[in-house]
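Thanks for coming. I will walk through one structure this morning and keep to a handful of local features.

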Amino acid sequence: MLLKKLYLPGYFSDICGFFEDVTEELCRRWMQVGAFYPFSRNHNTEKCIVSGKSFLVKSSKHYLNIRYTLLPYLYTLFYKAHTQGDTVARPVLHEFYSDEATWSVDKQFLWGPGLLITPVLDPVGLTFLIRKNPMGLIIALDDNNEAVGELFWDDGESTGEPLSTVNVLQMNVTNNNYIDPNNLTFEEIKILGLLQEPVSVTVLQNNNVQNSSHNITYNPVDKVALIQGLQLELGESYSLRWTLGTSVNEKYDCHPGPNATKEKCEQLGCVWTVSKNFVGVPYCYYNSPDNAYSVADVKYTSSGVTANLTFNKSNLKAYEKSTLPISTLRLEVKYHTNHMLQFKIYDYANKRYEVPVPLNLPKSPESTVESRLYDVTVQNKPFGIQVRRRSTGTVIWDSQLPTFTFSDMFIQISTRLASRYLYGFGETEHTMFRRDMNWHTWGMFARDQPPGYKLNSYGFQPFYMGLEGDGNAHGVLLLNSNAMDVTFQPTPALTYRTTGGILDFYMVLGPTPELVVQEYTALVGRPVMPPYWALGFQLCRYGYENDTEIAMLVEDMKAARIPYDVQYADIDYMERQLDFTLNPRFTGLPALIKKIQEEGMRFILILDPAISGNETDYPAFTRGLEKDVFIKWPNTNDIIYAKVWPDLPNVEVNNTLDWETQVELYRAYVALPDFFRNSTAEWWMREITEVYTNPHNASKSLKFDGLWIDMNEPASFVNGAVGGCRTQELNFPPYVPQLGSRSEGLIFKTLCMEGQQYLPDGSPVSHYNVHNLYGWSQTKPTLDALRNLTKERGIVVTRSTYPSSGKWSGHWLGDNTAAWNRLDKSIIGMMEFNLFGIFCTGADICGFFGDSEYELCARWMEPGAFYTYSKNHNGKERQDPVAWNSTFEEISRKVLNIRYTLLPYLYTLMYEANAYGSTVVRPLLHEFVEDKITWEIYRQFLWGPALLISPVLEQGAVAVNAYLPNARWYDYHTYIGFRGQFRNLPSPLGHINLHIRGGYILAQQSPANTTFYSRKNPLALTVALDDSQLAEGRLYWDDGVRIGKYKVSCFHDKLTNSESTMHKYCLFLAQRIADMNS
């Protein structure tokens, strides 16, 4: 028996074969196709007994139910065969003769012209019973929204011809000489391919409206409308007319800019409806599901899809003020791996700017047809891309929507989402980890903007993770660096709007949340491995008066026995805030750095990118001119000057004046380096080197261990440039995304967009296109300089980020405020940046702006001790742990001792992040995605899979309502094990609730004042058994500072091996096998 026989559509082929025994799998497959033989019979010589629970039985029932559902259609085909000679089982070439590919198709066939294998009823039993059941119609619309079909019915002689034209179904009886004894009616009509929702249906007979109590449902993803509850008698003629409309959730904004009016809306061909019942719903929306692009030359291959997109509405503008959409677009879909694909839309006739950030892509696609997790369909009229998860059929991307347009300075695309659970996009502050889908628009554009609701802050992260209804997860990156906003609506759907470049999407398929991050970081780059000491507690303040104040702080912290590894100097250490200089008040800083390093501590300095141009003897500027490193006006040799921190020489600053006046009177003109240039990296290296090893006075050398790069959005205290900008269109483009201070354009608090920069290959590019890459471009040269000087791993902390920044740096969450409502925002921010692949992250403990008060700062120290990047930093007034009282010192000492005890576990998590892309600060949903309660939790977090942190976040609270998912948990402090869901846990001031998850082993070490000493202390293991009395864990251990890749070996120790218990402990022994920069 040959398997290929299964696919040959013969009338009299015995299903499952006549001779020989048949396997269940073969018979099941044969039953699937045999259910659609015109003569469908299973006949053989062997006895076959299968269980009622067999998959064969279930499968056979399913496909035979479909056959019986469609018997009216099959019966009509036989009538036409009898009267006209039409084929019933029809080769594909009979319907598509002009397509030569169909001439050789012999493993597919049609029932008549339009077989649809879609169950529409719940038929049971034999045909004489089925013929008594209500009838239905399936209407499959073509590209012209039309369909035609016939029905023949007799006793075993009424014929009818249903005809669907645009929004009308005409059911005409052409011959009626048979009265059915079962009084059959059509109760259900299913319309396939309907691009817009039918909001009402009218039933007419002889042009008279009939009473009908039907109901309508519509699936916008599958484009299927279902009309149920009809009573259309067989043998009678009817007309059904439906009106298409737009439900609230399907309204896509047609005028997203400010000052929309009815007149402007209608000029764009859209509909204006004022709705006061739904907050945020656009008044101006598209009145049709169609967009302005059609598809041609679609080519599917084993490695992807290509197609050309043609603009077909020449009178339609992309946006109110923009140029006409581009009509020479190409779509390229690449199946890079089984779990990752790319779809890219660009102008094939004219080269456009593309993001110069390298990604880790295979040289050629490595996926296989059999193993891919996804299927891609390119849709036409209107154009769209649909991506389905193959294992479940869930649509995870569907852009066949009216919003798509692609013009020079305004590009827009929308997609339906698999669920309302979406996480990511940054850097903005919002109220939950899950994004609010109720009509919110968020701008993304790097800016010197402290965290605030709906204010675009320092970084640019166009990546999100979406959860599907069954808990599967996927991630999407738009590799675009132009000013952008995204709109979330409860459809659920997402709309991207960007002001330039191309559309270059990358999708990873997970399917777990943790795998999404691992696959994403494999694409953009794994996060940097920090030195061990960088996981210690850190202190900084903007406002240290002199080095003596820092020295006293160090001594006070030692005296209080509070663990503490890193001290910083903010811009106070510089002379007049000039990079690469030393303030006379900090002449003792070099000696202080040497002293604390000898005592096992580390020191980090701040650097800003802005270089003063008002100095008479300032080598950094002079050499910058020589190296031609500064951003200039286009087509000139003139530097664009902004103003940032450096003060003018020979001025006395009056700090009582308002800010704008101080900027005008005291701030120097500054030039901004173009870090894309190779010459800039060389210049930057030299300037940093002369700070580390002063060639003129060795006693002024600052032997830092890490570098903190700030103000690199880039920031400016004047909008655009001193004297203003020169190109209106770039600074105020046709569409300004919904940013903070939107009316100020793109130049608010930053450089003019027409600034000329040069990529490493010498290609010119405007700041308009690469603004959001400025901090990214500065980060690697900074790390290279640091490692070249210190010969150690070191750490760079950057304020502005872009995808892949995590390869070189950590990130702090910016200049936050000392307020209770910032505590949960810090957890959200940490979890988001772990999603973005930047794992060494945290907020300024106790807040940067404003004066922190005692309870707030004490409570902030509790979760702050579990930030991966744990730093207390603020402006002016002291709030460090020894600035309060002995009780505060005890609170800080206690919680930081816990951190230092757990550093071996945290360091191991950092290794796994660097090696595999696993998250460190982990949302609960990453470990318990099957529990949908965790999808909403953002006030608790995990370290890796095993340590749950549940801090108090409200003033005056002495308990926390914590959620403990379905696992065995052990209280860290008492070792009492229990299970639970929500629990009200006592949390007096000075106590943070920590729980160890059963099934895991945590490596620990006795704490000390610094990691230099704690690393010398004995190690320990905490073994937390799960319900099966099992546990396992890992430890990664190296020297904590060396640069390079490490070979690791994993040894399993059976700590206990009996009938009831076995615990595994995996120790990674690191051997240095590569030198720096490898």
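First, the ground rules. This is a predicted model, in which local features need pLDDT of at least 70, side-chain atom pairs count only at pLDDT 80 or more, and totals for chains, interfaces and linings use all residues. Residues are numbered from 1 along each chain as its sequence is written, and side-chain values use heavy atoms, with hydrogens and water left out.

Helices (H or I, at least four residues) and strands (E, at least two) are DSSP runs, numbered from the N terminus.

Let us start with the sheet. Strands of a sheet pair through backbone hydrogen bonds, either parallel or antiparallel. Here 3 strands make an open sheet, ordered 35-37-36, with antiparallel pairing. At the edges are strand 35 (611–612) and strand 36 (642–647), each of which pairs on one side only. Two strands count as paired if DSSP finds at least two bridges between them. Strand 36 and strand 37, the latter covering residues 667–671, are joined by 3 bridges. On strand 37, V670 is the bridge partner of A642.

Is strand 36 enclosed or open to the outside? It is largely enclosed by the rest of the structure, because 6 of its 6 residues are buried. Buried means under 20% relative accessible area, exposed over 50%, and partly exposed in between, using a 1.4 Å probe and protein chains only.

Helix 10, residues 659–666, lies across strand 36 and strand 37, at about 70° to strand 37. Axes are lines fitted to C-alpha atoms, for helices over the stretch in contact, and angles run from 0 to 180 degrees between N-to-C directions. Contact means heavy atoms within 4.5 Å.

Next, a pair of helices. Two packed helices are described by the angle between their axes and the distance between the axes. The axes of helix 7 (residues 547–559) and helix 8 (residues 589–598) come within 9 Å, crossing at roughly 20°. The two helices are therefore roughly parallel to each other; angles under 35 degrees count as roughly parallel, over 145 as roughly antiparallel, 65 to 115 as roughly perpendicular and the rest as oblique. Among the residues that meet are I550 and V554 from helix 7, with L589 and L592 from helix 8.

Helix 6 gives us a length check. Its 12 residues, 513–524, should span 16 Å at 1.5 Å a residue, and the end C-alpha atoms are 17 Å apart, which agrees. The expected span is 1.5 Å times one less than the number of residues. Helix 6 is mostly covered, with 10 of its 12 residues buried, including V516, Y520 and L523. Just after helix 6, G525 has a positive phi of about 125°.

That leaves the backbone. Most residues other than glycine have a negative phi, and most peptide bonds are trans. Where do we find N207 and N635, two residues with positive phi? N207, with phi near 65°, is in the loop between strand 9 (197–205) and strand 10 (208–210). N635, with phi near 60°, is in the loop between helix 9 (619–627) and strand 36. N207 is exposed at 67% relative accessible area, and N635 is exposed at 81%.

Finally, the cis peptide bonds. One joins K381 and P382, with omega about 0°, and P382 sits in the loop between strand 20 (374–379) and strand 21 (384–389). Another runs from G426 to E427, with omega near 15°, and E427 is in strand 25, residues 422–428.
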